[in-house]
Amino acid sequence: MLSILSKIKCVTSNTTAQARVLSTLKKTPVSESNAATGSDYTTEAASEKKYLMTNSEAFVETMVAHGVDTTFGIVGSAFMDSLDLFPDAGIRFVSVQHEQNAAHMADGYARVTGKTGVCIAQNGPGITNFVTGIAAAYWAHSPVMCITPQAGTNTEGLGGFQETEQLPIFQPITKAQVHVSNGARMAELTGVAFDACQRENGPVQLNIPRDLFYGESETTIPSPNVVERSAGGEQSLAKAAKLIHNAKNPVILSGGGVVMSHYDGVEAVKELAEYLHAPVATTYLHNDAFPSDHNLWAGPLGYCGHKTAMHAIADADCVIVLGSRLGPFGTNPQYGIDYWPENAHLIQVDCDATKLGRVKAFKKSDVGIAGDASLAARAILSRLRDIDGEAASVSTKDERMAAFNKYRSDWEAEMDEMAVANQFAADAEEGRMVPRQVLRELEKAMPDDAMVSTDIGNSCSVSNGYLRFKKPRSYLAAMTFGNCGYAFPAAMGAKVACPDRPAVAYVGDGAWGMSLNEVLTCVRETIPTTAVVFNNRQWGAEKKNQVLWFGDRYVGVNLENPSFAEVARSMGAEGVTVDSIDQVGDALRTACEAQKEGKTTVIEVMTTRELGDPFRRDAMRLPQRHLKKYQGTNEDKESVTEQPIDLAGASK
Ligand SMILES: Cc1ncc(C[n+]2csc(CCOP(=O)(O)OP(=O)(O)O)c2C)c(N)n1
Ligand SMILES: [Mg+2]
């Protein structure tokens, strides 16, 4: 992230917080102008010639110039003068139920298109409601434009209505903040904010005192200022090519930067992998960074990922990381395997130079490349082709591929075993299914072009092993901000952006309580989306911690649910309860088909209380208290069964 000073260099205002920073922006000189507002006006023409327009017109026209066709939010008087222009500007305003979800929708929209997603709301409470959604977008590297009208300059500081300091709140969760301090600069500063969103790959705040939507000026409308990406530095690319040429067992780790690259990243990774005969693992929650039907696909690395990926990486003598910061959560040991090959050569490509060698520190021989993942992969490949002699990995390919294929088939067999390990619970409880079996059925029925979002929770975490994609921009997991309530609105935003692709959200029953209000939006705004709600009657992921480390003392983790299918129907959507495994695939297929008729479906899958691995084995410990009154909570060993004591048929 940019430092606070450089980050908020566009802030110009009189408040104490803002006064710390001086504007470095020059005022646009007033030159030749055209006061006529009439017939010769086009948005393009206004990039070269000034026109007299209101500040709201300047704001809306700059959005038009930056390709905005959709905004997500809740109506508010603060920006109503501009909102009034949206229909004529060709900008859809998707009216939602909660501003957090508007931000998640903008995030989903951005993640499936690569375009900037936009959210806007009322000053004060509407804006503070954005916070969680913007923090999530920050850690998902989503270009989300967070437009925050604020209390008017004429009452600022008087503690009037709906007033709070809106810039400090978003400072740590945005890539840049732009404050409009002068209505005549509305177009210029709106353009600055939109450019920053794309340039920085993350959320940007555009803060506009509400009175500044009024007023008028002669202004131009800025066109997008697109920064061309590059492959990275010559020397580091050459050094990387040399290391890779000599590697006997190179393995590629394909990350979010490959998905987000505007230069066909997955194709570039495929070409490099095929040249080297190198297995390709995907980084945590970026399962769409390599096609699962490719013979070099190793699956996802990290929490609830594939052992194939872990074994492949563990064997590597050179790890080629494309488009990833190597987040710590995605490289922690899993299934008891501490797979990271500390001695292997590491080549890391990331467009953000500050992330190179940051989590996995570089050894002297390692290489960091500040570049676009796709362009860097292609540049490395072309250098490899120029080096005399074949790459060392080519001569080892037969034995490596034999070992790799065995990892793959062993893992598939192991997944099948995991799916029946706790079958007894489903047998003991009529109408309840094993979660892993449900996930397998969903995986089999998922349409190839589906966009799938997943929430934070145990069922969703386990789904990581069952989500395979053939093309990028298909998997929208709640990334490392890790908030429950992400998936459904993110899927809705994706659906708005790509109406011809099925949009499916996986959500736990606890998290569903945070999102289900948006079913109203789906119906009202015709955003046909499918929610698969894992009804296991618990905040399972947190309960797993109480199972493992807190002696099965359950505090605040058990749920009593209504019929979510019935709730959905009462909101005007389709609602289906699935309690038998042979119905799962059909339910999903039917719901995806129904999207073509504009219908939203909530599929409530009734599962046992079985739980998969915990989120934070790295951060938890068995409690040992000092005070006598709490001695009863001491624990000296983890649960032996690893399953909740209220799992049907379980005995502790
Ligand atoms: C906004 C938010 N609040 C709390 C948490 C802590 N948390 C993480 S997972 C989880 C449980 C999720 O339960 P559910 O949605 O039912 O899914 P399950 O784990 O049962 O599959 C909670 C409460 C969180 N991640 N985000
Ligand atoms: Mg649950």
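Predicted model: local features only at pLDDT ≥ 70, side-chain atom pairs only at ≥ 80, totals over all residues.
Residues are numbered from 1 along each chain as its sequence is written, and chains are lettered from A and ligands numbered from 1 in the order in which they are written.

Helix H21 (residues 487-497) and helix H23 (residues 518-525) have axes that come within 10 Å and cross at roughly 15°. Axes are lines fitted to C-alpha atoms, for helices over the stretch in contact, and angles run from 0 to 180 degrees between N-to-C directions. Helices (H or I, at least four residues) and strands (E, at least two) are DSSP runs, numbered from the N terminus. H21 and H23 are therefore roughly parallel to each other; angles under 35 degrees count as roughly parallel, over 145 as roughly antiparallel, 65 to 115 as roughly perpendicular and the rest as oblique.

The crossing of H21 and H23 is left-handed. A crossing is left-handed if the near helix is turned anticlockwise from the far one by less than a right angle, and right-handed if clockwise. From H21, Phe 488, Pro 489 and Met 492 meet Glu 518, Thr 521 and Cys 522 of H23. By class, the contact of H21 with H23 has four nonpolar residues, one polar and one charged. Two residues are in contact if their C-beta atoms, placed from the backbone, lie within 7 Å. Ala, Val, Leu, Ile, Met, Phe, Trp, Tyr, Cys and Pro count as nonpolar, Asp, Glu, Lys and Arg as charged, and the others, Gly among them, as polar.

## Helices H3 and H10

Helix H3 (residues 55-65) packs on helix H10 (residues 186-200) at an angle of about 30°, and their axes are 8 Å apart. H3 and H10 are therefore roughly parallel to each other, and H3 passes H10 in a right-handed crossing. H3 contributes Asn 55, Ala 58, Phe 59, Glu 61, Thr 62 and Met 63 to the contact, and H10 contributes Met 186, Ala 187, Thr 190 and Gly 191. The residues of the contact of H3 with H10 divide into five nonpolar, four polar and one charged.

## Helices H11 and H15

The axes of helix H11 (residues 234-246) and helix H15 (residues 373-386) cross at roughly 60° and come within 9 Å. H11 and H15 are therefore oblique to each other, and their crossing is right-handed. On H11 the contact is made by Leu 237, Ala 238, Ala 240, Ala 241, Ile 244 and His 245, and on H15 by Ala 376, Ala 379, Ile 380, Arg 383 and Leu 384. Nine of the residues in the contact of H11 with H15 are nonpolar, one is polar and one is charged.

## Helix H19 and Ala 445

Pro 435, Arg 436, Val 438, Leu 439, Arg 440, Glu 441 and Leu 442 are buried in helix H19 (residues 435-445). A residue is buried if 20 or more other C-beta atoms lie within 10 Å of its own, exposed if 12 or fewer, and partly exposed in between, with C-beta atoms placed from the backbone. The buried residues of H19 pack against helix H17 (397-418), helix H20 (458-463), strand S19 (530-535), helix H26 (584-595) and strand S21 (601-606).

Ala 445 also lies in H19. With 17 C-beta neighbours inside 10 Å, Ala 445 counts as partly exposed. Leaving aside residues up to four places away in sequence, Ala 445 touches Gly 585, Leu 588 and Arg 589. Ala 445 and Val 584 are 139 residues apart along the chain, and their C-alpha atoms are separated by 8.4 Å.

## Surroundings of ligand 1

Ligand 1 is surrounded by 19 residues, of which the closest are Gly 457, Gly 508, Gly 510, Ala 511 and Gly 540. H20, helix H22 (509-515) and helix H24 (540-549) are the elements that give two or more residues to this shell. The shell around ligand 1 divides into six nonpolar, 11 polar and two charged residues. A residue is near a molecule or strand if its C-beta atom, placed from the backbone, lies within 6 Å of it.

## Asp 350

Asp 350 is in strand S14 (residues 345-350) and counts as buried, with 27 C-beta neighbours inside 10 Å. Not counting residues up to four places away in sequence, Asp 350 touches Gly 257, Gly 323, Ser 324, Arg 325, Lys 355, Leu 356 and Ala 370. From Asp 350 to Ala 373 the separation is 23 residues in sequence and 6.4 Å in space, C-alpha to C-alpha.

## Positive phi in two loops

Asn 201, in the loop between H10 and strand S8 (204-209), has a phi near 55°, a positive value in a residue other than glycine. Asn 201 is partly exposed, with 19 other C-beta atoms within 10 Å.

Thr 526 is in the loop between H23 and S19. Its phi is near 50°, a positive value in a residue other than glycine, and Thr 526 is partly exposed, with 13 other C-beta atoms within 10 Å.
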